[in-house]
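Please view the sequence and structure below before reading on.

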Amino acid sequence: MNAERTAQEQAPSGPVVPAEPDAEEQREQPKQRRKRRGPGPVVLLVLPGLVTLSGVAGFFALNGGFPVESEQDAGPERNAAAAGVDASYVPWLRKAADGCAAVTPSLLAAQIDQLSGWSNDTGELSGQKGIAAFTGDQWAKWGEDADGNDRSSPRDPADAIMALGRQDCSLAGEVTGLRTEGRVNGDLVDLTLAAFATGADEVAGAGGVPDAATAYVTEVKGLLSRYTALDKADSGAAPAAAGAILAAPVPSLTVTSPYGSRQHPLTGVTKLHTGVDFAAAQGTQVFAARGGQVVFAALTSAYGNRIVVDHGTIEGKRLQTTYSHLSRIDVAVGQTVASGAPIGLAGSTGLSTGPHLHFEVIYDGYYTDPRPWLAPSG
């Protein structure tokens, strides 16, 4: 069975029981006792109406209860309440994450929770300020007046959330480049959080999440479940990925190693196999699965000769395909290719046990099983 090393390991994240938020105690004023009296005229007039209402209530109880507002119609207020976040923060969390792979409102919220517990007053001794715990140097790089109040401050929640989003998005872009080049392996969220904790250079040096960042990555991912309600669109669920819109990258789609968790045949480590291995003899023609632009075409240590084609956006999310272990690359970065265009020849370069094509689909920055995307060969 053909296989290779293009794998990523999911960081463990156990369930975390959220702490109950502090609540202001409500004090009940003592009520003055009154002498019991017989029914007055008001009671005599109102009582028949109460009996009628009781009957109506009984009817609704027997027939599924009173109509309630659906979660879909609740809007950001309901989602914010479910996540335990100030509703005024929700639009900023969503705006800060908009259009950036790996960065979601829930991820930003989980980071803020880990950094400050949503307190604007933490970190004074360390020089960190605001809910996102920015230092002075960090704020000088990432801070802006996001809400247009003529004041850029890490203590302004809107400014802080948007600055954190910019920082995370930049880091996600850096580690995506490293992963495309085959210099690092791992989940995009894990790598982005690791770069936040230790810097992208440390991630590159470790080839993945460095030991120094493991605790931070685990803590933040453990908090994600508290804030998943923030990722729900107010108008309903996010659109699903498109269906079988990719052409076969090799003449025969015979799978020799599927997408999913597996034990690597060379290293013995069990990790996520991020693509599908298709049987292909040495020198078999490899084709672009869809029209797009070549964004990477070079030799890497793990993937061998590797091509990445960007196909633009599908349902608002970026779609890319990758072709690895090639014996030859026949395209260059920046070149536009049509669906079915020849782009290289299959081989066994890089960390590989024999000739084959390792084919990946990356949708919105995440590896996904390529098979549902592929139309039948031939």
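Because 8 of the 8 residues of strand 12 (residues 356-363) are buried, the strand is largely enclosed by the rest of the structure. The model is a predicted one.

**Pairing of strand 12**

- Strand 5 (residues 276-279) is joined to strand 12 by 4 bridges, and the two run antiparallel. Within this pairing, V276 has F359 of strand 12 as its bridge partner.
- Strand 9 also pairs with strand 12 in the antiparallel sense, over 6 bridges. T321 has V361 of strand 12 as its bridge partner.
- Strand 13 (residues 366-368) runs antiparallel to strand 12 and is joined to it by 3 bridges. Here V361 stands opposite T368 of strand 13.
- Strand 12 and strand 13 form a hairpin with 2 residues between the strands, and D364 takes a positive phi near 60° there.

**Strand 11**

- Of the 5 residues in strand 11 (residues 342-346), 4 are buried, and the strand is mostly covered.
- Strand 6 (residues 285-287) runs antiparallel to strand 11, with 3 bridges joining them. The bridge partner of V286 in strand 11 is G344.
- Strand 9 (residues 317-329) is likewise antiparallel to strand 11 and joined to it by 3 bridges. G344 of strand 11 is the bridge partner of I329.

**Helix 6 and helix 7**

- Helix 6 (residues 157-180) packs against helix 7 (residues 188-198) at an angle of about 115°, and their axes lie 8 Å apart.
- The crossing of these two helices is right-handed.
- On the helix 6 side, the residues in contact are L164, Q167, D168, L171, A172, V175, T176 and R179; on the helix 7 side they are L188, L191, T192, A195 and F196.
- By class, the contact between helix 6 and helix 7 has 8 nonpolar, 3 polar and 2 charged residues.

**The chain as a whole**

- The protein has 9 helices and 13 strands.
- It has 378 residues, of which 42% count as buried.
- Among contacts with a separation of 6 or more, 64% are between residues 24 or more positions apart.
- The accessible surface of the protein is about 19,600 Å², and carbon and sulfur atoms account for 53% of that surface.

Technical notes. Residues numbered from 1 in each chain as written. Predicted model: local features only at pLDDT ≥ 70, side-chain atom pairs only at ≥ 80, totals over all residues. Heavy atoms only, no water. Buried < 20%, exposed > 50% of the residue type's maximum accessible area, 1.4 Å probe, protein only. Contact = heavy atoms within 4.5 Å. Areas by Shrake-Rupley, 256 points an atom, 1.4 Å probe, with all protein chains shown as cover. Pairing = 2+ DSSP bridges. Axes fitted to C-alpha atoms, helices over the stretch in contact; angles between N-to-C directions. Left-handed = near helix turned anticlockwise from the far one by under 90°. Nonpolar A, V, L, I, M, F, W, Y, C, P; charged D, E, K, R; others polar.
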